[in-house]
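Reader: Could you take me through this model? I would like to go topic by topic.

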Amino acid sequence: MVTFKEKALTFFGVKRKRQKNISLAANGNIPLPFHINIELTTACNYSCQYCAVTASSYRASKIKKAEAFKIIDDLAAMAYSAGVIQLSGHGESTILPWFEELIIHIRQKMPHISLCFHTNGSYLDKLAKTIVEQKVNNISISVDGGNSEVFDKIRGKGSFEQLVNGLTLLHQYKMEQNVGKPHLCFVATLMKTNIFELDKIIELAHRFNVNQVITQPLTPYLELGTEAFTLSSLDQQERARAYDAVSQAKQLAETKGIELQILNEDPFNEPETEWNLAIEKQEREAENQTNDTDNARSTNGAEHSAASKTENETGGTASSTSNTQENPTSSSIANKQYRLCSDPWKIMYINAKGGFDTCCFRHDDVTETLKDYSLNEIWYNSVGLNKVRNDLRQGHLDEVCAGCTVRTASDHPPEIPETWTQ
């Protein structure tokens, strides 16, 4: 009888013998990913006032066209049949001159996959026809204002008109083809600039038959001074008005048949500035470690391979002292030890450097890249990825996971099924 683990080991290729360095036992069953997220670029054509992309220290990267197409070809050849392929990341994927070609390629190779992407809406007018013809399933769009005054203030002059033009064309092609897809979702980053305009975003969603609006908190960046835009910087009177504005927007959404989702239910549940500093610290440490590793590889490549094998044989569970009892950031969040986060088991994040991210906030846990390892090897064997999985199960949260406002704090670990159904 073929066991679940044996099925897992054959997910990304022909069946291979079990290897001692596979740390399944230490982490429990690792299910096949349901969602594959491919970050094509971290560059963007906008300079939003709150976004890290606008920082002078930001350095963008992008995956090569051939590499992106090879990932799709490999997934198709391996009979990948999970739920979703999403073309999204920290940049604007649609600016790539071959983005449209990639959509067509994915649909040709995997006609039944659920295909989606996130965008700022600036290229929707150029892509609308292809999006409808290739049956893109879902598109989430960053919409931080319901009119040009607020929207352009955040994203730049003319950006609102560009968005509306794209939404209009997309709606037109859907009507011509008599189809309901793609389903659209607006994603709004709440801040002082737009908190009192949430109802206008709901109205805009209703205008274009968008049935879901999701709000997310602003992540502060010291270099940009964005902590001045956070809702936490509102005075007491403005806070009361803000809560009223959210309440009114919820009522409006209900009457319009729109689902309004406030992440963690409280718009004032924002990341602390120190939380973002913790992410930056981890990124610097990882960069230094990568440089050291590169030097070691050039001296003795076999040494690095042996070290990786040794760590995997121990289950990849490096000792950690950053538990929630000792971490002030973690203990400040309702004294909950765990996070209800299944991302490291459910979503495969392939970044624009040809490596893996653990989630949209953790970019440096996984040191292995697709240049040296297969998708299968990284998903199941990565020491860094398995360490995060173990830490989430055991409630050993570092500053990044403990301070996360996207996943709910809990007094019990996340439940991970053998297989994902949605």
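Reader: What share of the residues is buried?

Author: Of the 422 residues in the protein, 49% are buried, where buried means under 20% relative accessible area, exposed over 50% and partly exposed in between, with a 1.4 Å probe and protein chains only. This is a predicted model, in which local features need pLDDT of at least 70 and side-chain atom pairs count only at pLDDT 80 or more, while totals for chains, interfaces and linings use all residues. Residues are numbered from 1 along each chain as its sequence is written, and side-chain values use heavy atoms, with hydrogens and water left out.

Reader: And how many helices and strands are there?

Author: The protein has 16 helices and 11 strands. These are DSSP runs numbered from the N terminus: H or I of at least four residues for helices, E of at least two for strands.

Reader: What is the largest nonpolar core?

Author: The largest nonpolar core has 70 residues, and Leu40, Leu87 and Phe186 have the most contacts inside it. Such a core is a set of buried Ala, Val, Leu, Ile, Met, Phe, Trp, Tyr and Cys residues joined through side-chain atoms within 4.5 Å. A second, separate core of 12 residues includes Cys341, Trp345, Leu397 and Trp420.

Reader: Which residues does Phe186 touch?

Author: Leaving aside residues up to four places away in sequence, the partners of Phe186 include Ile141, Val143, Leu167, Ile201, Leu204 and Ala205. Val210, Gln212, Val213 and Ile214 are also among them. Contact means heavy atoms within 4.5 Å.

Reader: Turning to helix H6, which of its residues are buried?

Author: Helix H6 covers residues 148–155, and Val150, Phe151, Asp152, Ile154 and Arg155 are buried there. The cover over these buried residues includes S4 and H7. After H6 comes Gly156, with a positive phi near 115°.

Reader: Which residues other than glycine have a positive phi?

Author: Lys135 is one of them, with phi near 55°; Asn178 also has a positive phi near 55°. Lys135 lies in the loop between helix H5 (124–133) and strand S4 (138–142), and Asn178 is in the loop between H7 and S5.

Reader: Is Lys135 buried or exposed? And Asn178, buried or exposed?

Author: Lys135 counts as exposed because its relative accessibility is 57%. Asn178 counts as exposed as well, at 72% relative accessibility.

Reader: Where is the cis peptide bond?

Author: The cis peptide bond joins Lys181 and Pro182, with omega about 10°. Pro182 is in the loop between helix H7 (159–177) and strand S5 (183–190).

Reader: How many disulfides does the structure hold?

Author: The structure holds 0 disulfides, a disulfide being a pair of cysteine sulfur atoms within 2.5 Å.

Reader: Last topic: which charged residues lie over the face of a ring?

Author: Arg241 lies over the face of Phe196, 4.0 Å from the ring centre, and Lys126 lies over the face of Tyr123, 5.0 Å from the ring centre. The rule asks for NZ of Lys or CZ of Arg within 6 Å of the ring centre and within 35 degrees of the ring normal.
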